[in-house]
Amino acid sequence: MDFDFSEDQEMIRSSMKSMLDKEYPPEKVREMEEDPKGYDPGLWKQMAELGWLGLSLPEEYGGAGADVLDLMIVIEEMGRKLLSGPFFSTMVLCSLPLVRFGSPEQKKEYLTSIANGEQIWTLAYSEPSATHDLSGVQLRAHLQDETYRLSGTKIFVPYAHVADYLLVVARTDEGDESGITLFIVDGKDSGLSTEIIPTAAHDKQCEVTFDEVSVPKNMVLGEVGKGQDIVKFIFQQGAALKSAEMLGGVEAMLEMTNAYAKERVQFDRPIGSFQAIQHKMADLLIEIEGLRYMVHETCWAISNDSASDFLISATKTKANEVYQRTGIECMRIHGAVGFTKELDLGLYHLRSKASEHTMGDSQFHREIIARELEQYEAPIFGLR
Amino acid sequence: MDFQFGDKEEALRKEIREFVKQELPPGWVRNALAEESRDEDWAFTLSISKKLSEKGWLTMAWPKEYGGMGASLWEHLVFREEAGYWGIPGVTMGVGGVDWVGPSLILYGSEEQKKTHLPLIASGEQDGVWCTGYSEPNAGSDFANIGTKAIRDGDGYVVNGQKIWTSAAHRSRWIWLAAVTAPQEPKKHKRISILIVDMKSPGITINPIINYAGYHFFNEVFFDDVKVPAENLVGEENRGWYQLMSSLAHERGSIAPGSCGYNKRMLDELVHYVKETGLINNPRIRHKLADRAIEIEALKVLVYQTIWKMSKGQVPFYEPARDKVFNDYIFERLSMTGMEILGLYSQMDPQSEDEKWKKLKGSFEAMYWLFPGMSIAGGTDEIQKNIIAMFGLELPKS
């Protein structure tokens, strides 16, 4: 049992942190909300040059071959600074499944370009059914003359408006869990139309409409009709790493609130000296530290191929609950100023819903946990 | 980073499960705080303490020269976690015998005290059972405000005063007593000493305090000119407060692992019950159980992190407070979920012998009626949050 990071891991953290401290102050977060692209291409290029975009890709494709634990560290730091942009969708939601399930040709074709910063990717999963499970996937892919044709609508697709490729979860057959196939779709296809959804965080999530989009057979990821395993893989890695991003966010919120509680004086004393404030913050600390070690345990377990469905879903649910609670309580501790546009706190709080609904909301994950509990053979029953 | 136990810990876990199979009745559940209340439970508790002593597990965390096994913090954690899960009674030798009397004597005790008391505690015998005399009517959270006096007289002390909420006093041979030895000293922290007092001493009166749910673990203990030999002073006179603060470090890692195991067991029992009754198909119940499982996982990693910090030789200043508050939160939520699931049957007296009515051996009723008390014992949650604010958040003094 060891909760420490290695020296290498600490180095990864400090270099990501120093890059973001320099390149991504809160003004930049605000600027990106207004920016039509929603990310900084200059910074994207710089991240490619520094190797961040190839961090978890195999060395043969110009990557660094790092594991999920390393990725967790950089994503935690990104969450702390609210780095907006297609890093998560490209690196986590698309490149990890490409590495695991892609054909040798697909890997050769795409991974090097991702590592070089030449390609932005995103995952198109959610649909107007607005459920997180596979029964909600209704976008149809029909095989016609050796080519698939995709028609339907995907919603809340992050950064689809700038994506070079979309990984599209589509239905090739009836069924709830089965009949799912993943397609690699060229973002510039004329059958695609993209519209940015006016979200609270202005975080460039899009509605993408597919009108008879042609996709050749060799653009299927994995096997036709067997996409549910790939989706599960994406949800697991994605839920764990989104939780890491959220952890960075709640840590930043607590830090700024702590600093404020020490400096804001009322009744001739810093408000942080009042037990009413102290106990609220103590409650947050307990929740945040619980989340921190669950995130670390889960990402460690994924890196060691021993993560259970329970652990992943427990961590994401915890992240959802803690992120929301932290935003609300930190706002209250700040008083009226916490409610202003000038304060960075609101930037974090406004992103709570986007994170919560990425890779499964709490209801979705609680149901997974309940199923796990149902099937679990507790040690006590072995003795009865 | 590594979230696995080593082979040694896993082997120990197996061995403990073998012990449980042999020594505990089938389906045994240990209800919260039920050890000391009734005579037959207490007799069973002590019989298990004796067996744990024979295994060497009772005081495994102590150094070998003092009757321990020199076990690592991780082995000790595994032992306590399993004891909590399987409900192994008698792991503490009253209140504090194993967890702070022994370790404090090792730190501050005289050679004579160590020679007398450490083997007694490690033996698992009645004469090694302790209670702890800290709280008084006017010294609860404000512990330094104690008024029980131990005045030097010739070759000993004369103790007068009263302790209250003294858990297990009626089962204990010894009391680990905090008393004022320098009444004229204006600084409250500088006038307290720790004394070892034989509960059979003339002048000691124990009055039971039965709690509202009918359990007897609290007592009042009165001291009326009780003579205590001078050699029963532990460490330095008037340094009791400081000794307590530093011996707290030893107590810290001991309690929470047991709760981790206990909570896990309660959840497992509940899941088994809802599967049998079909309540598992109720989505609301499913999601509540999921939430309880998440909380139990969160407590586990918090407690492990505390032990990890200790294993690196660091003092966990606020982590045990953090773990206690979170555990109290779990006791509350878990017992409420359990009571909701038991429905009509949640109305049973957990101490009733009538198995016809009690579901899950009354364990959820016991937990539910007792959790408010457990959140007060060992420092209220409010005091714990003050500690978190001071050491975890470094906020200004309130």
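## A helix pair across the chains

Let's start where two helices meet: helix α8 (residues 275-303) of chain A packs against α10(B) at an angle of about 80°, with the axes 8 Å apart. Axes here are lines fitted to C-alpha atoms, for helices over the stretch in contact, and angles run from 0 to 180 degrees between N-to-C directions. That makes α8(A) roughly perpendicular to α10(B), a label for angles of 65 to 115 degrees (under 35 is roughly parallel, over 145 roughly antiparallel, the rest oblique). Helices are DSSP runs of H or I with at least four residues, numbered from the N terminus.

On the α8(A) side, Gln275(A), Gln278(A), His279(A), Met281(A), Ala282(A) and Leu285(A) meet Lys385(B), Asn386(B), Ile388(B), Ala389(B) and Gly392(B) of α10(B). Contact means C-beta atoms, placed from the backbone, within 7 Å. By class, the residues of this contact are 5 nonpolar, 5 polar and 1 charged. Ala, Val, Leu, Ile, Met, Phe, Trp, Tyr, Cys and Pro count as nonpolar, Asp, Glu, Lys and Arg as charged, and the others, Gly among them, as polar.

## About the model

This is a predicted model, in which local features need pLDDT of at least 70 and side-chain atom pairs count only at pLDDT 80 or more, while totals for chains, interfaces and linings use all residues. Residues are numbered from 1 along each chain as its sequence is written, and chains are lettered from A and ligands numbered from 1 in the order in which they are written.

## The wider interface

Looking at the whole interface, 42 residues of chain B are in contact with 42 residues of chain A. The side of chain B that touches chain A draws at least two residues from each of α6 (240-277), α7 (283-311), α8 (319-342) and α10 (381-392) of chain B. Of these, α7(B) gives the largest share, 14 residues. This side of chain B has 23 nonpolar, 8 polar and 11 charged residues.

## Domains of chain A

Chain A is divided into domain 1 (7-120), domain 2 (123-224) and domain 3 (229-379), with bounds from an automatic or database domain assignment. The C-alpha centres of domain 1 and domain 3 of chain A are 22 Å apart, and their contact takes 21 residues from domain 1 and 23 residues from domain 3. On the domain 1 side, α4(A) supplies the largest share, 10 residues. That side comprises 15 nonpolar, 1 polar and 5 charged residues.

Definitions and conventions: Contact = placed C-beta atoms within 7 Å.
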